[in-house]
Amino acid sequence: MPGVRRRPVFLVVFACLLAPAAAAAVPAAEAPLAPRLEQALAVPGAASMSTAGLAVDLRTGTVVFGQNAASPLAPASTEKLAVTYSLLAALGPDFRIDTDVLGDGVLDRTTWRGNLVLKGYGDPTLSSPALGRLAAQVRAAGITRVTGSVVGDESFFDSVRTAPGWKASFYGDESPPLSALSVDRGMYRGVMATEPALAAARLFGQALRSSGVAVAGSPRTGVAAAADVPLATVASPPLARIVTMMDRDSDNFTAELLLKELGALDGRRGTTAAGAGAVRELLANIDVPLAGVRIVDGSGLSLLDRLTVQALVAILEASWLDPDIRPTLVSALPVAGVSGTLETRMRKAPARGNVIAKTGTTDEASALAGYVRGRYVFAVLQNGHPVSTTSARTAQDRFATLLASQ
């Protein structure tokens, strides 16, 4: 990706970690800790061959524990760490996503003779109040009447509503329909809209009327022309705030729209495949080991996704070592016993407040990856058909708590 600088990764991965093993060898100096970490991961309902764990000392790059570190496993929502790193590396924490109103026609005194096009660029936070601000800008431009229609333009992304490898139940249950123009997360009059751009056009028409702008035509969808006139714009919160929302509460809709954003900004149309390709390229730029890694969607819901714990640790370590990325990524992660998806886990010392990590949970995967006291970086992936969520979380919490006690 142009403009993205290459960053070294100082992760030390021993040769013994390059092939799956029940428990990789560790230096003699770490022998007392390593067996306890291995024991922490041993729980019913999570087979050892489908359980991977890796812990690295951030100060020295030394591997203090490794088990199946190169095994490709379903990552669940720890997939969002790859997306978070890629977004911050490519766009920076201050990046914002615009939503525009464009005029297709001409202004005749206070009448706009033509259509108003509401064009979205993938803002997952776009809301009805933001449409109100857009409508106020249109009215402030002197427009009180529109002879045409409000047109919803979602063409910045494709119109595919889900991602590859999703179960049918994920549509609606795990994420509303994906669209470059989606207001209030695709909800319209309390119901999920199957045509988000059309729902957005209707909502904007209502906002215009509330601002004193009458619209003659019925809302519809379409595509803005290059010659259309800019009339109004609103910007999303900065990317730093959006990825915090995505990671802290593991928001799948946001992750998928941001993945398409990466694809679109790489000079292609905003598709899931283009975004996944951009993520893979950005990870390769920092020497993340990609053998066996498959980035298929942004949320980790896809049954086709695969990550390794050594890839996750490499991403986290590179983020820690990068002063432009570290503050945002670290503050975005849930804190044990305090916030997000870790609020009710590890609520006692020494883990409480000292473990900051991304969780991941599906029927087939349970995961935890992050930092401990600024000393260790770690990742745990557990797969099963199904995996026991209770047992897996017990293992993860024991593993992280043991690191916090050091």
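How many bridges join strand 13 to strand 14, and in which direction do the two run? There are 8 of them, and strand 13 (residues 365-372) runs antiparallel to strand 14 (residues 376-383).

Okay, some ground rules before we go on. This is a predicted model, where local features need pLDDT of at least 70 and side-chain atom pairs count only at pLDDT 80 or more, while totals for chains, interfaces and linings use all residues. Residues are numbered from 1 along each chain as its sequence is written, and side-chain values use heavy atoms, with hydrogens and water left out. When I say helix or strand, I mean DSSP runs numbered from the N terminus: H or I with at least four residues for helices, E with at least two for strands. Strands pair if DSSP finds at least two bridges between them.

Now look at strand 1. On one side, 7 bridges tie strand 1 to strand 14, antiparallel, and Asp57 stands opposite Tyr376 there. Strand 1 also pairs with strand 2, again antiparallel, over 4 bridges, with Leu54 partnered by Gly66 of strand 2. Those two strands make a hairpin with 5 residues between them, and Gly61 in the turn has a positive phi of about 80°.

Is strand 1 buried or exposed? Buried: that goes for 7 of its 7 residues, where buried means under 20% relative accessible area, exposed over 50%, and partly exposed in between, with a 1.4 Å probe and protein chains only. In a regular strand, side chains alternate between the two faces of the sheet. Here both faces are covered, with Thr51, Gly53, Ala55 and Asp57 on one side and Ala52, Leu54 and Val56 on the other.

What lies across these strands?

The largest nonpolar core has 61 residues, and Leu258, Leu283, Val288 and Tyr371 have the most contacts inside it. By core I mean a set of buried Ala, Val, Leu, Ile, Met, Phe, Trp, Tyr and Cys residues joined through side-chain atoms within 4.5 Å. Several elements supply at least two residues each, among them strand 1, helix 2 (79-91), helix 7 (252-265) and strand 14. Helix 9 gives the largest share, 9 residues. Leaving out residues up to four places away in sequence, Leu258 touches Leu87, Ile97, Leu239, Ile242, Val243 and Met246, a contact being heavy atoms within 4.5 Å. There's also a second, separate core of 30 residues, including Ala130, Val183, Tyr188 and Ala199.

Next, a helix pair. Helix 1 (residues 33-41) packs on helix 11 (residues 389-404) at about 160°, axes 7 Å apart. So helix 1 is roughly antiparallel to helix 11, that label being for angles over 145 degrees, with under 35 roughly parallel, 65 to 115 roughly perpendicular and the rest oblique. Helix 1 contributes Leu33, Arg36, Leu37, Gln39, Ala40 and Leu41 to the contact, and helix 11 contributes Ala395, Arg398, Phe399, Leu402 and Leu403.

Ala349 to Pro350 is a cis peptide bond, omega near 5°, with Pro350 in the loop between helix 10 (326-332) and strand 12. His385 and Pro386 are joined by a cis bond too, omega about 0°, and Pro386 is in the loop between strand 14 and helix 11. Then there are positive phi values in residues other than glycine. Asn68 has phi near 50°, in the loop between strand 2 and helix 2, and at 2% relative accessibility Asn68 counts as buried. Arg373 has phi near 55°, in the loop between strand 13 and strand 14, and Arg373 is partly exposed at 35%.

Conventions: Axes fitted to C-alpha atoms, helices over the stretch in contact; angles between N-to-C directions.
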